[in-house]
Amino acid sequence: MCSDPVLSVRDLRIQIGRQAVVDGLSFDVMSGERICLLGASGSGKSFTANAVLGLLPPAATVQGSIRLHGREIIATPAARRINETRVAMVFQDSLSALNPLASIGSQLCEPFIRHHGLSRKKATAAAVALLEAMKLHDPERLVKRTPAELSGGQRQRVCIALAMACKTSLMVADEPTTALDVVTQAQVLRALREHTDAARTALLFITHDLHAAAQLCQRAVIIERGEMIESGPLDALITAPKHRFTRELVAAAHSVQPSLARPAEALPEYTPHDLLQSA
Ligand SMILES: Nc1ncnc2c1ncn2[C@@H]1O[C@H](COP(=O)(O)OP(=O)(O)O)[C@@H](O)[C@H]1O
Ligand SMILES: [Mg+2]
């Protein structure tokens, strides 16, 4: 991992009217690093994610600094971002993230055509190869279907493929596994881990789920009521949590699953990055 921050958030404060929903948040995401923003429901995680993505609602006022590769983006909405400051995103609700009327293939082809200048034929081949790399069965048939014809887990892996096809240096995933059963959650987390590793994409993973974070992330920023209360390597936070809320989070996670499993560092050979490089 190199030492350049892809993302630097400093003193981020977001208000809705007079209420501060994020208050003085600062953290960095380094190149190729996976970091989680962990907190209870209502702690300000999605407002933070949306500020990074440039998707805050008009009612929100924002202060502080959000830099992507050193460029200030806090006041630039997603639609006005230039290529270098685009951030790929994966949301909790895969059904509403995709166009219900368009086929999976046409949606996946779009970034290859729009951002990488491929012909439709080459873009379709790249889309099929990406779905195959996501371990989705029979991708040639899958690309002809619409989102409603897929399971939740298949759809979320399509969303990850779509985010990867954008070839950004940072991806933000806001509770991407929360709506899924545990087996499907594991598949989606694995897809995220393998693909961000292969492409060296940095990931800001938003979750309230310590188990999910432990399977994916190297570092964590823990927030409570919009403020950071603790941060550091996830292993250290799990074995020696300092703040009361972090201790409660770890105790609750242990009571559900006694050993908080961390993934083996050795990851299988995978080639979506090569695929994207050659696209
Ligand atoms: N439109 C709104 N007006 C005022 N407060 C809001 C609005 N939307 C959300 N909030 C409040 O902002 C806080 C943070 O919300 P959010 O970032 O969605 O939390 P999280 O993603 O951590 O569950 C919550 O306490 C919520 O009640
Ligand atoms: Mg949220």
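Trainee: Which residues is T76 in contact with, leaving aside its neighbours within four places in sequence?

Mentor: This is a predicted model, so the contacts are read from predicted coordinates. Contacts are judged by C-beta atoms within 7 Å of each other. Leaving aside neighbours within four places in sequence, T76 is in contact with G54, R81 and T85.

Trainee: Where is the place of T76?

Mentor: T76 sits in the loop between β5 (71-72) and β6 (88-90).

Trainee: Is T76 buried, exposed or partly exposed, and why?

Mentor: Burial is a count of other C-beta atoms within 10 Å: 20 or more is buried, 12 or fewer is exposed. T76 has 15 other C-beta atoms within 10 Å, and is therefore partly exposed.

Trainee: How many residues of α1 are buried?

Mentor: Apply the count residue by residue. Helix α1 (residues 45-53) is mostly covered, with eight of its nine residues buried. They are K45, F47, T48, A49, N50, A51, V52 and L53.

Trainee: Which residues are around ligand 1?

Mentor: A shell is read as a list, then traced back to the elements that supply it. Around ligand 1 are I16, Q19, V21, G39, S41, G42, S43, G44, K45, S46 and F47. Both β2 (19-30) and α1 supply at least two residues each. The largest share, three residues, comes from α1.

Trainee: How do the residues of that shell divide into nonpolar, polar and charged?

Mentor: The shell around ligand 1 has three nonpolar, seven polar and one charged residue.

Trainee: Turning to helix packing, at what angle do α3 and α4 pack?

Mentor: Take the angle and the axis separation together, then the handedness, then the residues. Helix α3 (residues 104-114) and helix α4 (residues 120-133) pack at about 115°, and their axes are 8 Å apart. Because of that angle, α3 is roughly perpendicular to α4. The crossing of α3 past α4 is right-handed. On the α3 side the contact is made by G105, L108, C109, F112 and I113, and on the α4 side by R120, A123, T124, A126, A127 and L130. These divide into eight nonpolar, two polar and one charged.

Trainee: What is the angle between α3 and α6?

Mentor: The axes of α3 and α6 cross at roughly 20° and come within 8 Å. That angle is why α3 counts as roughly parallel to α6. Here too α3 passes in a right-handed crossing. I104, Q107, L108, P111 and F112 of α3 meet V158, A161, L162 and A165 of α6. The contact of α3 with α6 has eight nonpolar residues, one polar and no charged.

Trainee: How does α6 pack with α7?

Mentor: Helix α6 (residues 152-165) and helix α7 (residues 182-199) have axes 9 Å apart and an angle of about 15°. The pair is therefore roughly parallel. The crossing of α6 and α7 is right-handed. From α6, the residues G152, G153, Q156, R157, I160 and M164 meet T184, Q187, V188, A191, L192, H195 and A199 from α7. This contact divides into six nonpolar, six polar and one charged residue.

Notes: Residues numbered from 1 in each chain as written. Chains lettered and ligands numbered in written order. Predicted model: local features only at pLDDT ≥ 70, side-chain atom pairs only at ≥ 80, totals over all residues. Helix = DSSP H or I, 4+ residues; strand = E, 2+ residues; numbered from the N terminus. Near = placed C-beta within 6 Å. Nonpolar A, V, L, I, M, F, W, Y, C, P; charged D, E, K, R; others polar. Axes fitted to C-alpha atoms, helices over the stretch in contact; angles between N-to-C directions. Parallel < 35°, antiparallel > 145°, perpendicular 65-115°, else oblique. Left-handed = near helix turned anticlockwise from the far one by under 90°. Contact = placed C-beta atoms within 7 Å.
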